[in-house]
Structures are given as C-alpha cells and as structure tokens.
Amino acid sequence: MIEQQYKDLFQQFRSELDANSVEGMNRHRDAAFDRFQQIGFPTSREEDYKHSNVARAFDADLGLNLRNIPIPVNPYDAFKCDVPNLSTHLYFLINDRYYDKPLANDPLPEGVYVGSLQRFSEEHPDIFNAHYGLIADYSDNGVVAYNTMFAQDGFVVYVPENVTVEKPLQLINILRGGVDLNVNRRLLIIAGENAHVKLLVCDHAVDDVHFVVTQVTEVAAAAHAEVDLYELEENSLKVTRLSNLFSEQLEHSHVVTSGITLHNGYTRNNYCFRILGEHAQVVAGGLAICDRKQHIDNFVFLDHVVPNCTSNELFKTVLDDSATGVFCGKILVEKDAQKTQAYQNNRNLLASTTAQMFSKPQLEIYADDVKCSHGLTTGQLDEDALFYMRARGIDKEEAKLLLMVAFTRDVVDLIRIDTLQERLAMLIEKRFRGELMRCGNCNVCK
Amino acid sequence: MLQIKNLHAIVEEKEILKGINLEVKPGEIHAVMGPNGSGKSTLASVLAGNPKFEVTRGSILFKGKDLLEMEPEDRAREGLFLSFQYPVEIPGVSMVNFMRAAVNEQRKYRGEEPIPASDFLKLMRDKRELLGMDSNLVSRSVNEGFSGGEKKKNEIFQMAMLSPQLSILDETDSGLDIDALRVVAQGVNKLQTKENATILITHYQRLLEYIKPDQVHVLYAGRIIRTGGPELALELEKRGYDWLINP
C-alpha cells in the first residue's frame, strides 16, 4: 500500500522534519498523523472525490526535500519580472520554502509582516499560534492532514488592524526539482480589524519533472477586514495541484477569491468559506481553461453560520480536446442564518465532443427567510451568435475565439485589481489562440 | 448583381422555398412581401448562408460568383449584408470590438491594412450620428439589453459601417415606432447609391412610404406569385393577399 510508504517516511524522518521547521508547525504534526492514519488520501470511492482520484497522484515515486537541501535558483533570473506592468510587492516560494534573499520591494506599512512562515512563527508566536492549523480543518480531509504532517515552511501575510496595504502583494510559487517531487506548502493570511490587503499567487513549474503539490491556505478576516486572494495557475501537464483554501471571516468583512487555471495538469481546488460574523460578504470566482488531458476539479463549500450575509459564487470552465472538468458547489445555510443571500453560478463550455464536465450544485438550507439560487449550464458555443458574427465577415475561428473570451469575461471582472484584469484578459486570449505555451515564465509580470 | 434561379431550400426536412426566381441589378431596391410563413425570412437566411437551411436545388449568382459555394463570412466580405429580423445578443463582446473585427476582416479580404484606430473611431461616430444612436450603445456588449428598436437601428448602423453592395433587410421595420422607422428609412436611403442594391423584406407597406422600391414581389408558399411596381404594394395594403392567393 502506497499510503503506508508515506506513513513510514513520516515516522522515520520525523527528527529531520522537525529540525528543518519550527515548533509552531511541528506541534501540529502528531495529531495530523493520527488522523491521516485513520482516513488516508481521498479516493474516488468518496462522493466528494468521485471524479478525482486524488490518492492515485501519490502512487508515483516522489521525493521530499525534508532536509531542506538548497535548490539553486535565482527567481529574478528565472522570471524577469517587469514590475511596472503590474506594480506589486513581489515574493517567492521555491517549492515550499520562502526565498530568503533580500527583495527589491518598497517598504510596507508599519506592523505589516509578509514573508517566511517559519520566521513569523518565531517573531510573532502568539499571532501564529492563534491561527496556524486552526482554520484548516483536516478531520475529514486526508490531503490537509498530510500537508499538516509534512509542511515545513510557507508564506505569511499579516496586516494589523486599521492598516491598508495599497499596493497588491504578489507571491510566485516556483516549482523546481531534478527528480519527481512532492511539495507541501502552507499559506497563512491574517487581516486584523479593518485591515485591507490584496494578494496574487502565481504557480509556475520550471522543471520538466512530475510535481505533486499540496497547498493549504488559511485566511482569517477580522471584522471589517477586506481580503482579496487571486490565484493563477500556469503549470505543466506533469503537475498535480491539490489546493485547499480555508477562509473564516467575521462581521462586515469582505473576502474575494478567484482561482484562474490557465495551464495545468491535474488540479483539485478545494474552497471552504465559513462566514462567522454578520453582514459579511464573500465573492468566490473560478475560471479554468483546459485542453488535451488536463483535469480541473473545483470543489466549493460555503457555510453561512450567521444571519445577514451574502455570498456570490461564479465558476466557469472551458474544456477542449479530452479535458475533464468537475464542479461541486455546496452551500449550507444554517438554522440561524436568516436573511442570507447566496448565489451560485456554474457555467461550462465544451469545445469538443470528447471533453467531459461533471457538475453538481448542493444547497442545504435550514433557515426559512433566505434568498438562495443556483444556476448551472454546460453547453456549446451559441450557434446563433456564431452565425451572426460570421454574417458580418468575421472568420469562424475568430468568432469562436471572441465568444470564448467573452464567456470568461465576468469572472475576470470580479478581480479588483485593474491592471491584473487587463493582464489576465490578454493572457486568456493568448491561451485560446494557442500562443501561451506551458509555463516557463511569469506571464503576469512579463 | 444577384441572380436567383429556381431556388429550393429546406429546414428540418421541410421544404420552404419551392423555386424562387429573382434578379436584382445595381442601384435597384426590391421589396419582398407576403403573409407569415411564406418563406421571406428563409430566403434572407439562405442568401446569408445560415447553416440551418439547406439548398436542395437551384443556383444563386452574386456578382457573377456562385454564392452557395461561399462560407457566410466570405459572402459578407464580398459585400452581402443581412439585417437580422432577430439580432443576436452577444454578452461579453463589445460593439466596438465586434465592429473593429468585422471592418478589419473585410479589409483583409480586400488586401488592405487594418483600419487605423482614429479613423475607426471617427467612422463609428459618423455612422452612429447618422442613425441617431446613443453613444453608450456602442460601448455596450453587442445587442445586450437593447430594446427592439435599438437592435434594429444597430443593424442599420452595422450596415452603414460595412457599406455593403447588397443589403437584405429582413423585417427591419417590425417593432419600430414611427419615429424610429423614419430614422432607419432615412439611413437606408442615404446609403443607397447607383452601385449597390437593397432587398426589403416586409409585411407592411408602411416602410415603402419612406423607401421607394423599384419592384415589389409577393412571396407565397415558397414561390414568387406576383411581381409589380410600387403600386402593387399599395394595392396589397388595400386588398390584402387573398385576391392573389385565391384568384
């Protein structure tokens, strides 16, 4: 049994694991291991993983860099980021490790901490311990338990109360390796009361080996805080991305996320939003463009615990060739969550006869005074629109492209960084034109 | 310019056009009239190349070329324009991008460079003013949220932008109030020259008060059963179609 191999590895290398991490992270490993022993990796026998047999990704013979052997990389060489185009504070993770060389960023507002998760846990143990591992619930999620066992470093954003970080932050996850690798990465985003911050996370695989990446992101938005988290995946076909985002928000907070999959191999994105304070809002967007044998599975769980909150989900998928798409959207409106407004939209476009889409909305509503709706469509391009455009002299292929770009428009519109919107619109068009080759460079910055 | 000979066409295995013969010369305006379901819109769709319709017999020559061999986009680039009876809404595609793509595809076909941005904007403004269209309409998505009248104006606006040689207006007058009708008709008249031709497909004589046709054809059950001058339209207005259908 493959799973056993990882359990053995964990026990055998426990001292190296701990020695190359920090107490704040180490203290969670035992409980996570206990749970992992009970549940293991999810397989397609589980309803929520019916179309994504995640366990299979770990069948491969994967290395783990537990001893933190340095991987030589100069991210500035690998990514000649032309910052003026997208003006951000720029940071890097090399696999799961924070890139700890000085970066040419403007100073951040006072009290803001952005950087290594390890160091943050040592410099601000109280804040770290009050959040890390507490938002990401692994009780029924083997991937998150596994990540908690093995994660040794990662990236943190901490914005204290009443502070606004004007310029967006940008984290580039660089995957490097000479052999097939398993990477377990952590992200922690803490926004204090009335704090405002925007973060863009870009995934890029540099080397042509297999990567199996687990990423656990914890977001804590205090009262009146605003957190924007945008993720852009541009990985190769050889990358398996297993992302788990957990967000908890308090009253009057506003969380906006958008996951854009431009190029990938095998991707499962789990989103778990818990709304714990009244008058909070969440906007969750997602867009995937897949072809060849790419696989995208977006799984969203949205928990309305308290009254008077609003959630808005918009997930779109464009599938060509033999690509597979999965969407599952669970909305839970708990008994006390009166006056909830929850909207879910899932729209999928099939550009070939061999692409497959599996989509499932699940609404559980226990309050009686709520507005909830869901819409789901999977179809082809509108033939009438196509003919209308051709009748104006527009080439059939060009017309299709315009319609596909148009299809993605409203997801891009959810993003609250104008320059990123423009950049993304351009990248999407390039992607459809086949001009965006598999990752190898940071297309957002270039 | 256009020669239709013995045209038969089917949709969903039902024959709609059963032998149409029609010749249109440069500078002419033809009106095609007839009761509902007589095949008027099918004729327009077949001319534009809508793939939902299949031509089973007959031929169409456009400027001497075999029109039926051409893809819809090539028909448009050759100078054929259809004003849709039901213009299609295309959310997410702005009018500006749509028109720029259309104009440039036609230029490319003629071996010309893409239109410079400033010329394009000026062209848009001139033609928009010609139709009395609100400036915000052209910044919106194609036809999205347009009223019925705005959609029809938008068709004529596109026609003005593309200056076609043969325009087919399919029920462009339906759903227009009297003021909008006048604006649309004025637009069509301004665009009419000695070199181009227009086919007006309509139910009513109303439009023909503003646009004078050279010939009026009555289409019934897939055939042209009567052709005459403008006076035929007036007679139809008075007497209806019955005297022609059941003589």
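Me: Which residues of S3(B) are buried on one side, and which on the other?
Reply: The model is predicted. Strand S3 of chain B covers residues 29-33, and five of its five residues are buried. In a regular strand the side chains alternate between the two faces of the sheet. Both faces of S3(B) are covered: one side holds B:Ile29, B:Ala31 and B:Met33, and the other holds B:His30 and B:Val32.

Me: In which sense do S3(B) and S10 of chain B pair, and which residue of S10(B) is the bridge partner of B:His30?
Reply: S10 of chain B spans residues 197-202. Five bridges link S3(B) and S10(B), in the parallel sense. The partner of B:His30 in S10(B) is B:Ile199.

Me: How many bridges join S3(B) to S11 of chain B, and what stands opposite B:Val32?
Reply: S11 of chain B is made of residues 215-220 and runs parallel to S3(B). The two are joined by four bridges.

Me: Which strands of chain B are the edge strands of the open sheet of four strands?
Reply: The open sheet has the order S2-S1-S4-S5 in chain B, with antiparallel pairing. An edge strand pairs on one side only. The edges are S2 and S5 of chain B.

Me: How many bridges join S1(B) to S2(B), and which residue of S2(B) is the partner of B:Val11?
Reply: S1(B) and S2(B) run antiparallel. They are joined by eight bridges. B:Val11 has as its bridge partner B:Lys14.

Me: At what angle to S1(B) does helix H1 of chain B run?
Reply: H1 of chain B takes in residues 40-48. The helix lies across S1, S2 and S4 of chain B. Its angle to S1(B) is about 110°.

Me: Where does B:Glu12 lie, and is it buried or exposed?
Reply: B:Glu12 sits in the loop between S1 (2-11) and S2 (14-24) of chain B. Its phi is positive, about 45°, although it is not a glycine. Most residues other than glycine have a negative phi. The relative accessible area of B:Glu12 is 76%, over the 50% cut-off, so B:Glu12 is exposed.

Me: Where does B:Lys63 lie, and how does its accessibility class read?
Reply: B:Lys63 lies in the loop between S4 (54-62) and S5 (65-66) of chain B. B:Lys63 is not a glycine, yet its phi is positive at about 50°. Its relative accessibility is 34%, so the class is partly exposed.

Me: Why are H1(A) and H8(A) described as roughly parallel?
Reply: H1 (residues 2-12) and H8 (residues 142-150) of chain A pack with their axes 11 Å apart. Their crossing is left-handed. Angles under 35 degrees count as roughly parallel. The angle here is about 25°, so the pair is roughly parallel.

Me: Which residues make the contact of H1(A) with H8(A), and how do they divide by class?
Reply: H1(A) supplies A:Tyr6, A:Leu9 and A:Phe10. H8(A) supplies A:Tyr146, A:Met149 and A:Phe150. The division is six nonpolar, no polar and no charged.

Me: What is the handedness of the crossing of H3(B) and H6(B), and what classes of residue are in their contact?
Reply: H3 (residues 95-109) and H6 (residues 148-162) of chain B pack at about 35°, their axes 10 Å apart. The crossing is right-handed. Residues that meet include B:Phe98 and B:Gln106 of H3(B) and B:Asn154 and B:Phe157 of H6(B). The classes are eight nonpolar, three polar and no charged.

How values were computed. Residues are numbered from 1 along each chain as its sequence is written. Chains are lettered from A and ligands numbered from 1 in the order in which they are written. This is a predicted model: local features need pLDDT of at least 70, side-chain atom pairs count only at pLDDT 80 or more; totals for chains, interfaces and linings use all residues. Side-chain values use heavy atoms; hydrogens and water are left out. Axes are lines fitted to C-alpha atoms, for helices over the stretch in contact, and angles run from 0 to 180 degrees between N-to-C directions. Angles under 35 degrees count as roughly parallel, over 145 as roughly antiparallel, 65 to 115 as roughly perpendicular and the rest as oblique. A crossing is left-handed if the near helix is turned anticlockwise from the far one by less than a right angle, and right-handed if clockwise. Contact means heavy atoms within 4.5 Å. Ala, Val, Leu, Ile, Met, Phe, Trp, Tyr, Cys and Pro count as nonpolar, Asp, Glu, Lys and Arg as charged, and the others, Gly among them, as polar. Buried means under 20% relative accessible area, exposed over 50%, partly exposed in between (1.4 Å probe, protein chains only). Two strands pair if DSSP finds at least two bridges between them.
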